Amino acid sequence: MTNTQELNSLLEIAKLEYDYFIYAKNPEKRSSNALNILQSSEVKLNNIIELKFEDAESSKIIKTIDHNVITCPYRYVLAGTASILELLNELQFSNDDKICIDITGIDAPYLFHLLKVIKAKKMISKIDLIYTAPETYKKNTAGYVFSKGIREVKQLPAYTGRTKANGMKILLIMMGFEGYRSNEVLSSIDPERTIALNGFPSYSLEFKDTSILENKDLLNSPSCKNNVSLASAHDPFETLQILSNLPQSYKKHNMIIAPIGTKPMSLGACLYCLNDESARVVFPYPNSYITKNLPAEKIGKTWIYQLIL
């Protein structure tokens with residue numbers, strides 16, 4: 001069962017209540033937008049857990065009067081996820097609890113691993129995920145810039161896939177606005193075939209065709225040759241459907257997924273991989289993210305995705 005709708009619309013017809021609300025706070029206003037909406041609508045949030053991503057090697061739990069903070073190292077997903085689970089255990093999390101995760105500010109590798117652990121440990125069967133989209137971004141002469149350089153292209157924990165000795169490498173890459181990241185993945189994987197997934201319709205008219213223009217090298221590569229599929233930028237279930245409908249012949253080969261498009265598209269890829277463990281997932285970790293003067297100038301719609309894992 002899946003369900004996508006605008007958060008404000010749902011709040012008009014349904015009463016929400018959560019035992020745990022997890023979100024990642026950063027200088028970008030939209031990272032806290034869902035929390036503001038829920039609190040202003042008097043949604044009961046019994047425990048608020050704030051994730052704070054840092055370029056560090058270890059994770060720690062900081063307890064405050066009204067909520068808990070976990071510092072999460074970007075590149076050490078296992079350490080950060082372990083701290084999240086540790087805190088949930090301390091707070092006596094149970095299978096009957098209601099949990100909501102705002103994925104707006106959560107890095108894709110953490111999203112993948114956290115949902116994997118939640119499902120594998122059978123912690124809960126139902127979960128609500130929220131995402132606030134940008135409406136406009138700041139742009140400079142270099143285009144949209146969110147990160148600097150690539151530290152490494154690395155496989156995500158617990159998404160190793162199943163290697164077929166005689167299978168060719170098929171790369172499915174969700175395109176973002178930073179084409180150099182796609183190029184790094186392409187160079188690292190060196191696939192025989194590449195499928196590019198473009199977020200369309202986009203969040204707003206401002207972003208229309210941006211991913212296409214910024215990923216020309218990828219699209220013109222010998223393995224891709226403009227092989228592009230379209231999935232809504234805000235609806236993860238369209239990405240899930242595209243992956244689920246790939247030709248059966250692909251199952252004989254080695255599928256590698258790179259989630260560097262929109263967060264909802266990454267969620268769709270994650271949901272696919274939770275049910276099909278044959279695919280391998282890789283991610284281009286940047287040297288650093290842009291943390292000052294973050295680019296979302298206007299906040300777009302806030303979506304809620306209600307899932308049964």
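**Close-up 1. The largest cavity has a volume of about 90 Å³.** The model shown is predicted. A search of the whole structure finds one cavity of 30 Å³ or more. Residues lining the largest cavity include Lys164, Leu243, Leu246, Pro247, Tyr250 and Lys251. His253, Met255, Tyr272, Asp276, Ser278 and Ala279 also belong to this lining. By class, the lining holds seven nonpolar, two polar and three charged residues.

**Close-up 2. Helices α8 and α9 cross at roughly 45 degrees.** Helix α8 spans residues 236–244, and helix α9 spans residues 263–275. Their axes come within 7 Å. The crossing is right-handed.

**Close-up 3. Residues of α8 meet residues of α9.** From α8 come Pro236, Phe237, Thr239, Leu240, Leu243 and Ser244. From α9 come Pro264, Met265, Leu267, Gly268, Ala269, Leu271 and Tyr272. Ten residues of this contact are nonpolar, three are polar and none is charged. Leu243 and Tyr272 take part in the contact, and both also line the largest cavity.

**Close-up 4. The second largest pocket holds about 330 Å³ of space.** Its lining has 15 residues. Closest to the pocket centre are Lys98, Lys126, Ile127, Asp128 and Gln306. Strands β2 (17–24), β7 (126–137) and β14 (296–308) each give two or more residues to the lining. By class, the lining of this pocket divides into seven nonpolar, two polar and six charged residues.

Notes: Residues numbered from 1 in each chain as written. Predicted model: local features only at pLDDT ≥ 70, side-chain atom pairs only at ≥ 80, totals over all residues. Heavy atoms only, no water. Axes fitted to C-alpha atoms, helices over the stretch in contact; angles between N-to-C directions. Helix = DSSP H or I, 4+ residues; strand = E, 2+ residues; numbered from the N terminus. Left-handed = near helix turned anticlockwise from the far one by under 90°. Contact = heavy atoms within 4.5 Å. Nonpolar A, V, L, I, M, F, W, Y, C, P; charged D, E, K, R; others polar. 1 Å grid on protein atoms, 1.4 Å probe; cavity = no way out; pocket = protein on both sides within 12 Å on 5 of 7 lines; lining within 4 Å. Points joined across faces, edges and corners; volume = space filled by probe spheres on them.
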